[in-house]
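Subject: Structure handover

Hello,

Here is the structure for your files. My notes on what turned up follow below.

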Amino acid sequence: MKKLFMALLVGLLAMPAFAVQPDEMLSDPALENRARELSRGLRCLVCKNESIDESNASLARDLRILVRDRLTAGDSDDEAIEFIVARYGEFVLLRPTVTGSNWLLWAAGPLMLLLAGGIGLSYLRGRAAAPESDIAALSDAEKTRLAEVLGDKR
């Protein structure tokens, strides 16, 4: 029973998302495959971290139809993507480009890691090179005064 349940669970998880409706699909299988491939790389502007191919949002449906319209109009894959990016901005791409001002965003993580590592290393080296502090032992007078303050009668 447990094995059957696990097999069903794995089967359900392995199923593809059925967000693309039959009325959206193109009659040409090669064109439909191109449209599906492009849809997997475009972000749903409602769901944020889902592709328009997986999303059931109405805006995702509109974008899927727009991709198919551009492809049936004769656009290449790059031209269709450029059209959508020009209309909705680079946020619509699930994998943004590393050009323009985006290079700073791509480089920020590694740069911060290197900066933190450098600061940590210089701190540790500074601690290791610091001279040992000489702390003198308490004198007899200080020991007596401390005992009085603490209420210790030795």
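**Overall picture**

The protein exposes about 11,800 Å², and carbon and sulfur atoms supply 62% of that area. Accessible areas come from the Shrake-Rupley method with a 1.4 Å probe; for residues, only the protein chains shown count as cover.

The model is predicted: local features need pLDDT of at least 70, side-chain atom pairs count only at pLDDT 80 or more, and totals for chains, interfaces and linings use all residues. Residues are numbered from 1 along each chain as its sequence is written, and side-chain values use heavy atoms, with hydrogens and water left out.

There are six helices and zero strands. Both are DSSP runs numbered from the N terminus (helices H or I, at least four residues; strands E, at least two). The pattern along the sequence is α-α-α-α-α-α. Of the 154 residues, 21% count as buried. Buried means under 20% relative accessible area, exposed over 50%, and partly exposed in between (1.4 Å probe, protein chains only). Among contacts with a separation of 6 or more, 49% come from residues 24 or more positions apart. A contact means heavy atoms within 4.5 Å.

Helix 3 covers residues 58-72, 15 residues in total. From first C-alpha to last it reaches 21 Å, close to the 21 Å expected at 1.5 Å a residue. The expected span is 1.5 Å times one less than the number of residues. Its buried residues are Ala60, Leu63, Arg64, Leu66, Val67, Arg68 and Leu71. Their cover includes helix 2 (29-40) and helix 4 (77-88). Just after helix 3, Gly74 takes a positive phi of about 105°.

The largest nonpolar core has 17 residues. Leu42, Ile52, Leu63, Val67, Leu71, Ile84 and Val92 touch the most other members. Helix 2, helix 3 and helix 4 each supply at least two residues of this core. Helix 3 gives the most, with five. Such a core is a set of buried Ala, Val, Leu, Ile, Met, Phe, Trp, Tyr and Cys residues joined through side-chain atoms within 4.5 Å.

Ile84 is in helix 4. It counts as buried because its relative accessibility is 0%. Leaving out residues up to four places away in sequence, Ile84 touches Leu42, Leu63, Leu66, Val67, Gly89 and Val92.

**Salt bridges**

How many salt bridges does a search of the whole structure find? Seven. The criterion is a side-chain nitrogen of Lys or Arg within 4 Å of a carboxyl oxygen of Asp or Glu.

- Arg36 and Asp53 meet at 2.7 Å, N to O. The pair links distant parts of the chain, 17 residues apart: Arg36 in helix 2, Asp53 in the loop between helix 2 and helix 3. Arg36 is buried at 17% relative accessible area, and Asp53 is buried at 6%.
- Arg40 pairs with Glu37, with the closest N and O atoms 3.2 Å apart. They sit three residues apart in helix 2, so about one helical turn separates them. Arg40 is partly exposed at 42%; Glu37 is exposed at 54%.
- Arg145 pairs with Glu148 at 3.6 Å between the closest N and O atoms. Both lie in helix 6 (residues 140-150).

Salt bridges that share partners join Arg36, Glu37, Arg40 and Asp53 into one network.

Regards
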